Amino acid sequence: MNIDDYKAYISAETMMGPNSVRILEELFDKYPLQLVPHDRILDLGCGKGLTSLVIAKETKAKVFANDLWVSAEENKKRFVEWGVGEQITPICEDANNLHFEKKYFHALISIDAYHYFGGSKGFFQEKILPFIKEDGVILIGIPGLKEEYTGCAQELLFDWLKEDSHMFKTPKLWKELIGSSDRIESVKTWEMNCFSKAWGDWLATNNKFALEDRQYFEAIIQPYTCFVGIYIKLKKVL
């Protein structure tokens, strides 16, 4: 994947935080997806559809772009303008109450969103796993807390995030929260390398939320937080 192919789409309007395409680029480079055009991918928490566009173009698969905060109608308009309206299906549903057939997706991707809804034990097994096929792959990239500050999210991040501080967890804790299942082959979590570039792209915009983040970057965001990568591989059918 070459991020330069998507520069025309990355803007203060389409970004909703640190550059999601940078995060997706690292995930795809580390764990490339082997899919065909008829395979189905769920982009969970797609925001304004930027990640869905990249996923569609990079994998050629059918993408279901789900977000609770951005309407399906708004994203549909963008997808049509971007020339991928036939490949991407926009949806607006709560991640806690998805309406799909069981084992419908070959892969699930969630960029800068999973921490909003997936931070409780059992969530993955109950709310996500049933919708993924055998031999499926889940790729997640989310903001988190560096390992050395385990258990200190509230104390370190409250000035910046207020009551949302608890959402930031370390890679080790996210691995524990994903948990185990007789359908899961492996779970890997790590501190991602794209932190500086993804944040740099966001803070360089004039988005009002980026302007707010700037005042906390050097004192809180940079020293204590990271991006957490999560890779989950499901077992093949025997």
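Modeller: What follows sets the computed values against the definitions behind the terms.

Modeller: This is a predicted model, in which local features need pLDDT of at least 70 and side-chain atom pairs count only at pLDDT 80 or more, while totals for chains, interfaces and linings use all residues. Residues are numbered from 1 along each chain as its sequence is written, and side-chain values use heavy atoms, with hydrogens and water left out.

Colleague: What makes strand β7 largely enclosed by the rest of the structure?

Modeller: A strand here is a DSSP run of E with at least two residues, a helix is a run of H or I with at least four, and both are numbered from the N terminus. Buried means under 20% relative accessible area, exposed means over 50%, and partly exposed lies in between, with a 1.4 Å probe and protein chains only. Ten of the ten residues of β7 (residues 225–234) are buried, so the strand is largely enclosed.

Colleague: Which residues of β7 point one way and which the other?

Modeller: In a regular strand the side chains alternate between the two faces of the sheet. Thr-225, Phe-227, Gly-229, Tyr-231 and Lys-233 point one way from β7, whereas Cys-226, Val-228, Ile-230, Ile-232 and Leu-234 point the other way, and all are buried.

Colleague: How do you know which strands pair with β7?

Modeller: Two strands pair if DSSP finds at least two bridges between them. β5 and β7 are joined in the antiparallel sense by nine bridges, and strand β6 (residues 184–191) runs antiparallel to β7 with seven bridges. Tyr-231 of β7 is the bridge partner of Leu-139 and also stands opposite Lys-188, while Thr-225 of β7 is the bridge partner of Leu-145.

Colleague: Why is Asp-135 called partly exposed?

Modeller: Asp-135 belongs to strand β5, and its relative accessibility is 31%, so it counts as partly exposed. Asp-135 also has a positive phi of about 70° although it is not a glycine. Another residue other than glycine with a positive phi is Lys-162, at a value near 55°; Lys-162 is found in the loop between α6 and α7 and, at 36% relative accessibility, is likewise partly exposed.

Colleague: Why is Gly-83 called exposed?

Modeller: Gly-83 sits in the loop between α3 and β3, and its relative accessible area is 63%, so it is exposed.

Colleague: What makes a region a pocket, and which residues lie nearest the centre of the largest pocket?

Modeller: On a 1 Å grid over the protein atoms alone, a pocket is an open set of points with protein on both sides within 12 Å along at least five of seven lines, and lining residues have an atom within 4 Å of a point. The largest pocket is lined by 40 residues, of which Met-16, Trp-69, Asp-112, His-115 and Tyr-116 lie nearest its centre. The most lining residues, four, come from α9. Tyr-116 lies in helix α4 and is partly exposed at 40% relative accessibility.

Colleague: How many residues line the second largest pocket?

Modeller: The second largest pocket is lined by 13 residues, and Gln-34, Leu-35, His-106, Asp-135 and Val-137 lie nearest its centre. β5 gives the largest share of that lining, five residues.

Technical notes. On a 1 Å grid over the protein atoms alone, a cavity is a set of points where a 1.4 Å probe fits but cannot get out, and a pocket is an open set with protein on both sides within 12 Å along at least five of seven lines; lining residues have an atom within 4 Å of a point.
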